[in-house]
Structure formats: C-alpha cells, structure tokens
Amino acid sequence: MAVLGNENEALKLDFVNYESSLSPFEFLSLLDNSEFVITDSFHATVFSLIFNKPFYHFLRFPESVILGQNQRVLELLKNSKTEDFLLKNANSEIKGFMDFPLGNIRFMTELIEFSKTQLLINMRI
C-alpha cells in the first residue's frame, strides 16, 4: 500500500492499494505526480528515489521477522543515505520531509546503469 498526497492536504491523504487497482503506468504516474509518498512498498520507495520525491518508508514486517522484504529496503535506504526516513513502528515520528542528499543523484544514476547492464546481460543482448 502506498499513501500519496501533497503537503497542503496532509490530512486528506489518498490511500491507494496499487497492487490490485493500478496498472504499472498508473502506479508510476501517481508516484511521479505526488508531492510526497508514505509507503511500505519496496518499489514505491525505489521510484520515489528515482523521481526525487520526498518519502517515508515503514517496515511491512516486524524487525524480528527475517524476510527479504525488510532487508532489501534497509539496504536501499542505507545506500541512498535516506535511513532517516524509515518508520520502524507505529510509534515512529514523522519529522518533516527530506531535501534529497546531494549523493542521491549520483547513487541513483549508478544504480540505474547497473540495473540496465544486468537486464541486458540476463536478456543476453
């Protein structure tokens, strides 16, 4: 589930269960046109970074549960230097939205190029 809205209407957030109701194009368009994102979705977090959208990510699973979902999100946030925008539990406080770290553009450019290379290798092009 992703929560999208704008700062002027923070109390009127739109809740969108994109897994069942949106096409990939609609999902990306919604993220690209949002002013901020609050999500437990790895992909919504990735595309928030790509689109330079302020976001908070809350863990889908308790930290005591060892599942790949939490680990890949934690690695992404660490590598993009956005760990401060992780909400670990329901008592976590939202302290305002981010100005993207200067390293984010370089990090995302490198990540996108790496991903393209891996796709081409795996597609044997």
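Modeller: Let us begin with Leu76. Setting aside neighbours within four places in sequence, Leu76 is in contact with Phe42, Thr45, Val46, Leu49, Phe107 and Leu111. Please keep in mind throughout that this is a predicted model.

Biologist: In which element is Leu76 found, and does Leu76 count as buried or exposed?

Modeller: Leu76 belongs to helix H4. Its relative accessibility is 8%, so Leu76 counts as buried. Along the chain, Leu76 and Thr45 are 31 residues apart, yet their C-alpha atoms are separated by 8.7 Å.

Biologist: What surrounds Thr45, leaving out residues up to four places away in sequence?

Modeller: Thr45 touches Thr39, Phe55, His57, Leu76 and Leu77. Thr45 sits in helix H3, which covers residues 42-50, and counts as buried because its relative accessibility is 0%.

Biologist: With which residue does the side chain of His57 make a polar contact?

Modeller: The partner is the side chain of Thr45, at 2.7 Å. His57 lies in strand S4, residues 55-58. A relative accessibility of 1% is why His57 counts as buried. Beyond four places in sequence, the contacts of His57 include Thr39, Asp40, Ser41, Phe42, Val73, Leu77, Phe85, Leu86 and Leu87.

Biologist: How is the burial pattern of a helix to be read?

Modeller: An α-helix has 3.6 residues a turn, so residues three or four places apart point the same way. In H3, the buried residues are Phe42, Ala44, Thr45, Val46, Ser48 and Leu49.

Biologist: Which residue caps the N-terminal end of H3?

Modeller: Ser41 is the cap: one of its side-chain oxygens lies 3.3 Å from the backbone nitrogen of His43.

Biologist: Which members of the largest nonpolar core touch the most other members?

Modeller: That core has 20 residues, and those touching the most other members are Leu31, Phe42, Leu49, Phe55, Tyr56, Leu76 and Leu77. Two or more residues are given to this core by each of helix H2 (24-32), strand S3 (36-39), H3, S4, helix H4 (68-79), strand S5 (86-87) and helix H5 (103-123). H3 supplies the largest share, four residues.

Biologist: How does one describe the packing of two helices?

Modeller: Two packed helices are described by the angle between their axes and the distance between the axes. Here the axes of H2 and H3 come within 10 Å and cross at roughly 50°. That angle is why H2 is oblique to H3. The crossing of H2 and H3 is right-handed.

Biologist: Which residues meet where H2 and H3 are in contact?

Modeller: From H2, Phe27, Leu28 and Leu31 take part, and they meet His43, Ala44, Phe47 and Ser48 of H3. Leu31 is also among the core residues that touch the most other members, and Ala44 and Ser48 are among the buried residues of H3.

Biologist: How many helices and strands does the protein have, and in what pattern do they follow along the sequence?

Modeller: The protein has five helices and five strands, in the pattern β-β-α-α-β-α-β-α-β-α. Of its 125 residues, 34% are buried. Among contacts between residues at least 6 apart in sequence, 48% join residues at least 24 apart.

Methods
Residues numbered from 1 in each chain as written. Predicted model: local features only at pLDDT ≥ 70, side-chain atom pairs only at ≥ 80, totals over all residues. Heavy atoms only, no water. Buried < 20%, exposed > 50% of the residue type's maximum accessible area, 1.4 Å probe, protein only. Polar contact = N/O pair within 3.5 Å; in protein donor to acceptor, adjacent residues only side chain to side chain. Contact = heavy atoms within 4.5 Å. Core = buried A, V, L, I, M, F, W, Y, C linked by side-chain atoms within 4.5 Å. Axes fitted to C-alpha atoms, helices over the stretch in contact; angles between N-to-C directions. Parallel < 35°, antiparallel > 145°, perpendicular 65-115°, else oblique. Left-handed = near helix turned anticlockwise from the far one by under 90°.
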